[in-house]
Amino acid sequence: MGFLVRFLVVTSSLGLAVLIQNYRLLSRSLPAPQLDLNEYWGPGSAENYVEDTTVKPFNIKVNTELISDLKAQLSRPLKLHEPLEGVAFQYGFNSKELQNIIKYWRDTYLRKWDENEAFLNKFAHFETQIQGLRMHFIQVKPKNAEGKKVLPLLLLHGWPGSVRELYDIIPLLTTAKPESEYVFEVIAPSLPGFGWSQGASKVGFDTARIAVVLDNLMQRLGYDKYIVHGGDWGARIGSNMAALFPQHIIGYHSNLCVALHPLALFSKAVRAWLPNFSLNLEQRTFFRNFSEESAYLLEESGYLHLQTTKPDTIGTALTDNPVGLAAYILEKFSTWTNPSFRKLPDGGLTKHYTLDALLDNVMIYYITNSITTSQRIYAEALSETQTHLERVHILTPTGCVRFKWDIMHATDNELKHKYKNLVQSTFYSDGGHFPAMEKPQTLYEDLLAFVKKAAL
Ligand SMILES: *[C@@H]1O[C@H](CO)[C@@H](O)[C@H](O)[C@H]1NC(C)=O
Ligand SMILES: *[C@@H]1O[C@H](CO)[C@@H](O)[C@H](O)[C@H]1NC(C)=O
């Protein structure tokens with residue numbers, strides 16, 4: 001054997017040994033981080049804080065001055081620029097379509113605000129105080145539940161959504177069907193800083209700390225064992241809850257399962273370069289290829305960088321600016337529902353949603369003045385605790401459902417580095433980022449199938 005061959009054999013064996021050693025280290029679960037379960041996030045000092053642990057009924061009641069002021073703002077001449085010739089939503093929200101939406105908002109939606117407000121109040125709302133924060137939530141007990149297995153289900157929304165995303169799926173979940181042995185009792189909070197839930201006054205309120213607040217909420221309500229479902233930030237927070245409170249979370253179901261575990265990122269890199277090795281034939285058409293995914297990420301993640309670094313500046317631009325707020329939020333409901341909607345002059349907004357539903361969601365941000373606080377979640381999310389949590393294995397039964405046009409997807413192999421008990425993995429050939437609103441029946445059935453498979 002020549003020297004060079006011997007050298008190569010030795011170095012590659014060493015390399016392999018290092019790889020195996022690191023793989024073994026990396027594939028081991030880290031222990032869950034120990035977080036302070038009573039950490040105070042309200043304003044000022046915690047010293048004089050006495051938590052008001054009562055759970056009070058809450059009613060959405062917007063004062064009439066706010067509504068008439070909003071009408072006045074929406075009546076001012078819009079100094080928008082014409083879109084470039086032939087451009088739909090490719091440069092952002094189309095200003096012609098925005099004019100239509102503002103007109104509908106002012107002349108139709110706000111005229112019947114009392115009706116819309118009553119609709120938002122159709123479920124029972126409550127508030128309580130957790131760790132210094134006022135927390136708002138919807139709670140719906142099941143109907144016709146005799147003889148059924150009632151499962152408590154924490155439903156989590158994301159950004160730029162709200163509890164309004166969940167209005168169509170809640171009745172499906174809470175109405176017992178003769179053919180199903182299960183029915184759900186739903187708890188749907190506004191995430192802290194979103195809607196009627198107070199945002200933190202202190203830095204460091206990351207997606208791990210939010211998980212603590214939400215588990216405390218569930219404990220306050222007496223749910224020792226429950227399921228969590230979420231997409232978007234709700235997915236990340238729900239996953240953290242399963243990692244931090246495995247004794248409480250009996251199932252985790254998500255329409256945006258993501259694994260940022262180092263080995264998952266490695267698997268993702270392999271998929272980028274050797275797609276045929278990672279994906280079966282069917283999946284090759286489902287997943288975006290590497291160049292598509294990179295292009296999509298570059299074109300569509302500007303908001304993410306902005307909100308991660310300067311949430312308060314962009315928040316200021318959108319505060320008390322209903323026209324800008326609607327454009328900023330609804331652009332996401334267009335593109336994240338289907339990226340091809342960028343080519344449609346109306347952004348395809350009403351293909352799957354009603355304008356009333358979309359405006360309800362914008363209104364929630366507007367009336368609670370919560371756009372800035374909602375965006376701070378991006379700035380806090382990249383914490384050390386979160387990086388650590390990515391390496392905590394989740395043994396809770398997990399169900400991952402993917403809708404074709406969502407903003408990103410992971411393969412089972414990527415997810416299995418973190419989710420060690422993936423009992424259901426599904427792919428739907430359409431649908432986007434807001435399935436609870438767009439495809440409530442499909443999402444409901446997927447969740448039900450998961451619960452059966454996991455025998456919860
Ligand atoms: C990968 O598979 C596709 C069919 O799904 C095929 O067209 C393509 O040539 C394959 N690429 C490589 C590098 O084998
Ligand atoms: C990636 O997908 C796009 C759209 O389907 C296609 O045009 C492009 O050729 C694909 N690129 C590679 C490297 O397969």
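I began with Asp107, which counts as partly exposed because its relative accessibility is 24%, where partly exposed lies between buried (under 20% relative accessible area) and exposed (over 50%), taken with a 1.4 Å probe on protein chains only. I note that this is a predicted model, in which local features need pLDDT of at least 70, side-chain atom pairs count only at pLDDT 80 or more, and totals for chains, interfaces and linings use all residues. Residues are numbered from 1 along each chain as its sequence is written, chains are lettered from A and ligands numbered from 1 in the order in which they are written, and side-chain values use heavy atoms, with hydrogens and water left out.

I then looked up the partner of Asp107, and found that its side chain meets that of Arg106 in a salt bridge at 2.9 Å, N to O; the term stands for a side-chain nitrogen of Lys or Arg within 4 Å of a carboxyl oxygen of Asp or Glu. Arg106 is partly exposed too, with a relative accessible area of 23%.

How many salt bridges does the structure hold? I noted 21, and turned to Glu51 and Arg220, whose closest N and O atoms are 2.5 Å apart. Glu51 lies in the loop between helix H1 (3–27) and strand E1 (56–58), and Arg220 in helix H6 (residues 207–220), so this pair ties together parts 169 residues apart in sequence. Helices (H or I, at least four residues) and strands (E, at least two) are DSSP runs, numbered from the N terminus. Glu51 is partly exposed at 27%, and Arg220 is partly exposed at 24%.

Are Arg209 and Asp206 buried or exposed? I found Arg209 buried at 18% relative accessible area and Asp206 buried at 1%, while their salt bridge has its closest N and O atoms 3.0 Å apart. Salt bridges with shared partners also join Lys268, Arg271, Glu293 and Glu414 into one network.

Of its 127 residues, Trp105, Trp159, Phe184, Ile237 and Leu330 touch the most other members. Helix H16 (residues 355–368) gives the largest share of this core, 10 residues.

Last, I turned to ligand 2, which is surrounded by Asn289, Ser291 and Glu292, each with a heavy atom within 4 Å of the ligand. An oxygen atom of ligand 2 is 2.3 Å from a side-chain N or O atom of Asn289.

Technical notes: A nonpolar core is a set of buried Ala, Val, Leu, Ile, Met, Phe, Trp, Tyr and Cys residues joined through side-chain atoms within 4.5 Å. A polar contact is a pair of N or O atoms within 3.5 Å; within protein, one must be able to donate a hydrogen and the other to accept it, and residues adjacent in sequence count only if both atoms are side-chain atoms.
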